[in-house]
Structure formats: structure tokens, C-alpha cells
Amino acid sequence: MEIILLERVEKLGQIGDVVKVKPGFARNYLLPQKKALRATKANLAVFEKQRAQIEANNLQAKGEAEQVAGRMDDVNIVVIRQAGDSGQLYGSVSARDIAEGLTEAGYTVSRGQVAIEQPIKTLGLEKVRIRLHPEVSVVVTVNVARSAEEAEMQRQRGGMVVASVLEEEEAAAEAAAAAALAEAEVESESTEGEPA
């Protein structure tokens, strides 16, 4: 089926391009979303009359999206999930979870704008692309962790903190506490033996 694109569609074409697509893709997605028109002589004539207005609307929407993208530069969101000791999640992080996290951070994003290339099924930092406009996208960092403390450690280290690292840090903290206690005992013993 031949259609006329009313906006840029990724991997398909630009505004005004006449492209061939599968009928189901046109019927179920492009036409209902008002991203395209059927390529008939009447529709071509209507499009040519409205082309300037369509391109002006697209430029305005693109400008607004670029402003939002400028504010979203270097955005990090935290998603708390349960996971095993190896860092494998018991579920996965979905586009809806990321959209809700961005909404809580003050950005209006729908789950349809979140482009997850492959499912997020492990703890750690993931880069996710957010499509604000067909021509404007921004990359945000999603920090998947078991707790807020773990998320902070992952952010500082720049990657996943597995159980062994947590155990090492706990052991180091216990060793430091034991050393401080031993030092305090030595000081108290040395002060006890001195005459008053």
C-alpha cells in the first residue's frame, strides 16, 4: 500500500515522502495515528495545499521538543526492584516504569516515547532513549537497584554493585569499627596506669 507521510517516521521516511508499506502497518498504526494518508490523487492534492502548514507545525513541535531535551540533559532516574544475589531481576523494567520515573522527576513522558532496545533484566545503570519528537530524542540513565542506598553506590561507581562488593564494604566497615574499638581500649589502658 502506498501512503504519504505527514511526519517523519523512523526507518521509513520524511514529511511528504510517498512510501510503500504493508497494509496492516498502514491500517493499524500510520493512518489511525494521523502519521500518513493513503496516496491517492485527491490526497496528494490536499497534502500539497497543506504542506506549508504541516511543515510549520512540525518545526514548532520540534522546537518545543528540543527545549525539553535541553532540560532533560543528564537525567537519572532510580527504579527499585527485587533481584537475586547475581543481580538478575525477578521481573524486568518496562517502558511504563521508566515513564513513571520520568513523570515523578518532573518530565511528561508517555510509555510510547520510551525506546527500550532490549529488556532490562539486571541491576545496574542502563542508557534508554526517549523520543520526544520524531526528529528529537534524548538519552536518560536508568539506575536499577534493590534499595536507594545501592542506587547511590551504583551511581558513584558507574555500574552494578553485586552482593560481593556489598559484603566487602560491610567487612571493611566492621574492620574499621574493630580497629577503632581496639585503639580506644589501648588509650583507656594507658590512661589507667598513669598516676592522677
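The legends below describe close-up views of a predicted model.

Residue numbers start from 1 along each chain as its sequence is written, and side-chain values use heavy atoms, with hydrogens and water left out. In this predicted model, local features need pLDDT of at least 70 and side-chain atom pairs count only at pLDDT 80 or more, while totals for chains, interfaces and linings use all residues.

**View 1. The protein has five helices and nine strands.** Helices (H or I, at least four residues) and strands (E, at least two) are DSSP runs, numbered from the N terminus. From the N terminus on, the elements follow the order β-β-α-β-α-β-β-α-β-β-β-β-α-α. Of the 196 residues in the protein, 31% are buried. Buried means under 20% relative accessible area, exposed means over 50%, and partly exposed lies in between (1.4 Å probe, protein chains only).

**View 2. The largest pocket lies between domain 1 (2-71) and domain 2 (73-169), because both give residues to its lining.** The domain bounds come from an automatic or database domain assignment. The pocket holds about 430 Å³ of space. Its lining counts 13 residues, and Glu 7, Tyr 29, Lys 35, Gly 112 and Arg 131 are the ones nearest the centre. Strand E8 (residues 124-133) contributes the most to this lining, with three residues. Sorted by class, the lining has five charged, four polar and four nonpolar residues. Ala, Val, Leu, Ile, Met, Phe, Trp, Tyr, Cys and Pro count as nonpolar, Asp, Glu, Lys and Arg as charged, and the others, Gly among them, as polar. A pocket is an open set of points on a 1 Å grid over the protein atoms alone, where a 1.4 Å probe fits, with protein on both sides within 12 Å along at least five of seven lines; lining residues have an atom within 4 Å of a point. Grid points are joined across faces, edges and corners, and the volume is the space filled by probe spheres set on the points.

**View 3. Three strands form an open antiparallel sheet in the order E2-E1-E3.** The edges are E2 and strand E3 (36-38), each of which pairs on one side only. Neighbouring strands of this sheet are turned by 40° against each other on average, direction ignored. Axes here are lines fitted to C-alpha atoms, for helices over the stretch in contact, and angles run from 0 to 180 degrees between N-to-C directions. Two strands count as paired if DSSP finds at least two bridges between them. E1 and E2 run antiparallel and are joined by three bridges. Opposite Glu 2 stands Lys 20 in E2.

**View 4. Four strands form an open sheet with mixed pairing, in the order E4-E9-E8-E6.** E4 and strand E6 (114-115) are the edge strands, each pairing on one side only. Five bridges pair E4 with E9 in the parallel sense, and Val 79 stands opposite Val 144 in E9. E8 and E9 run antiparallel and are joined by nine bridges; Lys 127 has Thr 141 in E9 as its bridge partner. A hairpin of two residues connects E8 to E9. E6 and E8 pair in the antiparallel sense over two bridges, where Val 114 has Ile 130 in E8 as its bridge partner. Strand E9 (residues 136-145) is largely enclosed by the rest of the structure, because eight of its ten residues are buried.

**View 5. Lys 11 and Asp 74 are residues other than glycine with positive phi values.** Lys 11 is in the loop between strand E1 (2-5) and strand E2 (18-20). Its phi is near 65°, and Lys 11 counts as exposed because its relative accessibility is 84%. Asp 74 is in the loop between helix H2 (41-71) and strand E4 (76-80). The phi of Asp 74 is also near 65°, and Asp 74 is exposed, with a relative accessible area of 64%.

**View 6. Leu 123 is a buried loop residue.** The loop in question runs between strand E7 (120-122) and E8. Leu 123 counts as buried because its relative accessibility is 3%. Leu 123 and Gly 84 are 39 residues apart in sequence, and their C-alpha atoms are 9.5 Å apart in space.
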